[in-house]
Amino acid sequence: MTRPTLTQATGPAHTRILGLGGVRGENVVTNDDIAGPIDSSDEWIRQRTGIVTRRRAGAGTDVIDLATDAANLALKDAGLTGADIDVVILSTVTYFHQTPAGAAIIADRIGASPAAAFDISAACAGYCYGIGQADALVRAGTARNVLVIGAEKMSDFVDPTDRSISFLLGDGAGAVVVGPSDTPGIGPTIWGSDGAQAHAIRQTHSWLATRDEGLGWPTLRQEGQSVYKWAVWQMAPVAQKAMDAAGVTADQIEAFIPHQANMRIIDQMIKTLKLPESVVVGRDIADTGNTSAASIPLATERLLREGQVSSGALALQIGFGAGLVYAAQVVVLP
Ligand SMILES: CC(C)(COP(=O)(O)OP(=O)(O)OC[C@H]1O[C@@H](n2cnc3c(N)ncnc32)[C@H](O)[C@@H]1OP(=O)(O)O)[C@@H](O)C(=O)NCCC(=O)NCCS
């Protein structure tokens, strides 16, 4: 028998971010509010991290609520409704259901069903992982519009007595719609992982140990100095590769929007990348804290809302974190 030749999908040549929305946890938590149990101070936290306050959600708000609110704002900004969305990607490490995926619940809440829906676990690189996937799905013809959401309620993973990472963490969600474009709006994604350093940012113990060894609720820990060095020395070359792959130079970038991990890491990356002073830098960490997968879209939302950058600006974004994993791309802002 002659076997038929399959039809494979093909899509539009270009994609862009069509709309963006973000929400932050409703409570403002100061350094003084959290310094006591870790024998720290407002001054120490400001100097080492640049964080002045962090935003955290109350008990009545979960990560799906944050994600849904951000998704609805992104749809409105794009001039679309849930019915226009073919795929919902939720990037999170703080949705505490093994199954089903949070993305399917969000798809239902925003009226996107029967959109395909799945979660990805790429921690602080999760938003840029999602953008890379959305771009590929649209250009492959597998979807027309993809909703990418980075959402975290990191406060659920916080141990108030932990000095290593908990004081950095905040809650929020940022979402974008990625869809077809007449001109290129998302540069190639440069991404990767280094599982040999999985221990550098980790959960204290597994859910199995929680059940079998009576260890209680797991929380987050990090090896701060190793993460700092990795981020500073190894992530700038990744960001440079993203610019090279997109065919742009540092002096053509209008905004630099790195993961909001730590202000000192952001400052060092600017130096290493030799970004000119004209480049506007996302520094949302000062008031919002580190919101993992939500941090880049939230920093972007703020730059646009405050008029620090305009629609159409070229932005270099890079996410990096637990895995260790990383992803970067140059995008045209919506
Ligand atoms: C976490 C971080 C702020 C800690 O700063 P650091 O300078 O590396 O801190 P160290 O562990 O070297 O400790 C330095 C001193 O501060 C103290 N210290 C550590 N954590 C502290 C805290 N939370 N509050 C107050 N003091 C603290 C230490 O006891 C030590 O005191 P000593 O000098 O008297 O011995 C820093 O390592 C960092 O920013 N790392 C990157 C973290 C990051 O961005 N993670 C997110 C990745 S997604």
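**Reading the ligand site and its salt bridges**

Colleague: Where do I start?

Modeller: A polar side-chain atom of Gln225 lies 2.3 Å from an oxygen atom of the ligand. A polar contact is a pair of N or O atoms within 3.5 Å. This is a predicted model: local features need pLDDT of at least 70, side-chain atom pairs pLDDT 80 or more, while totals for chains, interfaces and linings use all residues. Numbering runs from 1 along each chain as its sequence is written, and side-chain values use heavy atoms, without hydrogens or water.

Colleague: How much of the ligand does the protein bury?

Colleague: Which atoms of the ligand face Gln222 and Gly224?

Modeller: A nitrogen atom of the ligand is 2.8 Å from a polar side-chain atom of Gln222. A ligand nitrogen also lies 2.9 Å from a polar backbone atom of Gly224.

Colleague: Why does the ligand lie between domain 1 and domain 2?

Modeller: Domain bounds come from an automatic or database domain assignment. Domain 1 (14-181) and domain 2 (190-332) both give residues to the shell, so the ligand lies between them.

Colleague: How do I read a salt bridge?

Modeller: Side chains of opposite charge can pair when their charged atoms come close. The rule: a side-chain nitrogen of Lys or Arg within 4 Å of a carboxyl oxygen of Asp or Glu. The count is 15. Arg24 and Glu301 pair at 2.9 Å, N to O.

Colleague: Is Arg24 buried or exposed?

Modeller: Buried means under 20% relative accessible area, exposed over 50%, partly exposed in between (1.4 Å probe, protein chains only). Arg24, at 15%, is buried. Glu301, at 13%, is buried.

Note on methods:
Polar contact = N/O pair within 3.5 Å; in protein donor to acceptor, adjacent residues only side chain to side chain.
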